[in-house]
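Dear colleague,

Please find the structure below, together with its sequence. My notes on it follow directly after.

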Amino acid sequence: MTNSVTLDPPTPELLEAGRLLFAGSADFTSAAPALGALPPMEGVEIAFAGRSNVGKSSLINALTGRNTLARTSHTPGRTQQLNFFRIGERLMLVDMPGYGYAAVEKAKVEAWTKLIHAYLKGRSNLARVYVLIDSRHGLKSIDIDLLDGLDKAAVSYQVVLTKGDELKKSEIDRRIQGIQAALAKRPAAYPEVLLTSSRDDRGVAELRASIARLLQERGA
């Protein structure tokens, strides 16, 4: 485990591959409120997960350079289904319901949880889950529960810190190192932690490059 911000900074070629990957078409294709509504498994799939109000939709919009691709809201718990977006010809991006918002009725939360767990276990083309964590707060117990579930399901995941513009420079390395240490013994965790901000685009190019690398590894 390294204490640096990144394990291997992306090469210019990988950064360009990431830029090109998200420079093409990006379209909403379907929404799945229940397991039976999931679309067929095609190509490589990645998913974005995180607590409600972590900035998931804003980061998806920043990745694709489209302000309204994923619906953003100041009301936590707005995403209530699995939303599928086709990125070019090689990639499907899935926006998962936010978790941890207590004001949503318990039955609905249980239904989301069941859907998410079934999705994670049943998608053989799911290459990685990007777990979004608010950089100001770090890992919470509810995030640890998700990581435990991903480890149990043997689904590869990578932690992406959001709202990095709100973290002091002196806090950034300490936050990243702490999370890297927490991930060190987790079997399904990708060891690199990325810091991003949809407000000033920091880390967005590196996240695109990470996804492009994943596609290359999958031969897509």
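F85 stands opposite L93 in β4. The strands β3 and β4 pair in the antiparallel sense over 5 bridges, where strands count as paired if DSSP finds at least two bridges between them. Together β3 and β4 form a hairpin with 3 residues between them, and G88 in the turn has a positive phi of about 60 degrees. Helices (H or I, at least four residues) and strands (E, at least two) are DSSP runs, numbered from the N terminus.

The model is predicted: local features need pLDDT of at least 70 and side-chain atom pairs count only at pLDDT 80 or more, while totals for chains, interfaces and linings use all residues. Residues are numbered from 1 along each chain as its sequence is written, and side-chain values use heavy atoms, with hydrogens and water left out.

On its other pairing, β3 is joined to β1 by 6 bridges, and these two strands run antiparallel. Within this pair, D27 has R86 of β3 as its bridge partner. Because 5 of its 6 residues are buried, β3 is largely enclosed by the rest of the structure; buried means under 20% relative accessible area, exposed over 50%, and partly exposed in between (1.4 Å probe, protein chains only).

The sheet as a whole is open and has 7 strands in the order β1-β3-β4-β2-β5-β6-β7, with mixed pairing. Its edge strands, each pairing on one side only, are β1 (26-32) and β7 (194-195). Strand β2 (residues 44-50) runs parallel to β4 (residues 91-95), with 5 bridges between them, and E45 stands opposite M92 in β4. Helix α2 (residues 56-64) packs on the sheet and touches β1, β2, β3 (82-87), β4, β5 and β6; its direction makes about 140 degrees with that of β2. Contact here means heavy atoms within 4.5 Å, and axes are lines fitted to C-alpha atoms, for helices over the stretch in contact, with angles running from 0 to 180 degrees between N-to-C directions.

Turning to charged side chains, the structure holds 13 salt bridges, a salt bridge being a side-chain nitrogen of Lys or Arg within 4 Å of a carboxyl oxygen of Asp or Glu. One of them links D134 and K163 (3.9 Å, N to O). D134 lies in strand β5 (residues 126-134) and K163 in the loop between β6 (157-162) and α5 (169-183), so the pair ties together parts that are 29 residues apart in sequence. D134 is buried, with a relative accessible area of 4%.

E166 forms a salt bridge with R136, their closest N and O atoms being 2.9 Å apart. As E166 belongs to the loop between β6 and α5 and R136 to the loop between β5 and α4 (141-153), this pair ties together parts that are 30 residues apart in sequence. Both are partly exposed: E166 has a relative accessible area of 35%, and R136 has one of 32%.

R202 and D200 also meet in a salt bridge (2.7 Å, N to O). R202 is partly exposed at 32% relative accessible area, as is D200 at 36%. Salt bridges that share partners join D134, R136, K163, D165, E166 and R199 into one network.

Finally, which residues other than glycine have a positive phi? A154 does, with a value of about 60 degrees, and phi of K163 is likewise positive, near 60 degrees. A154 is found in the loop between α4 and β6 and is exposed, with a relative accessible area of 65%.

With kind regards
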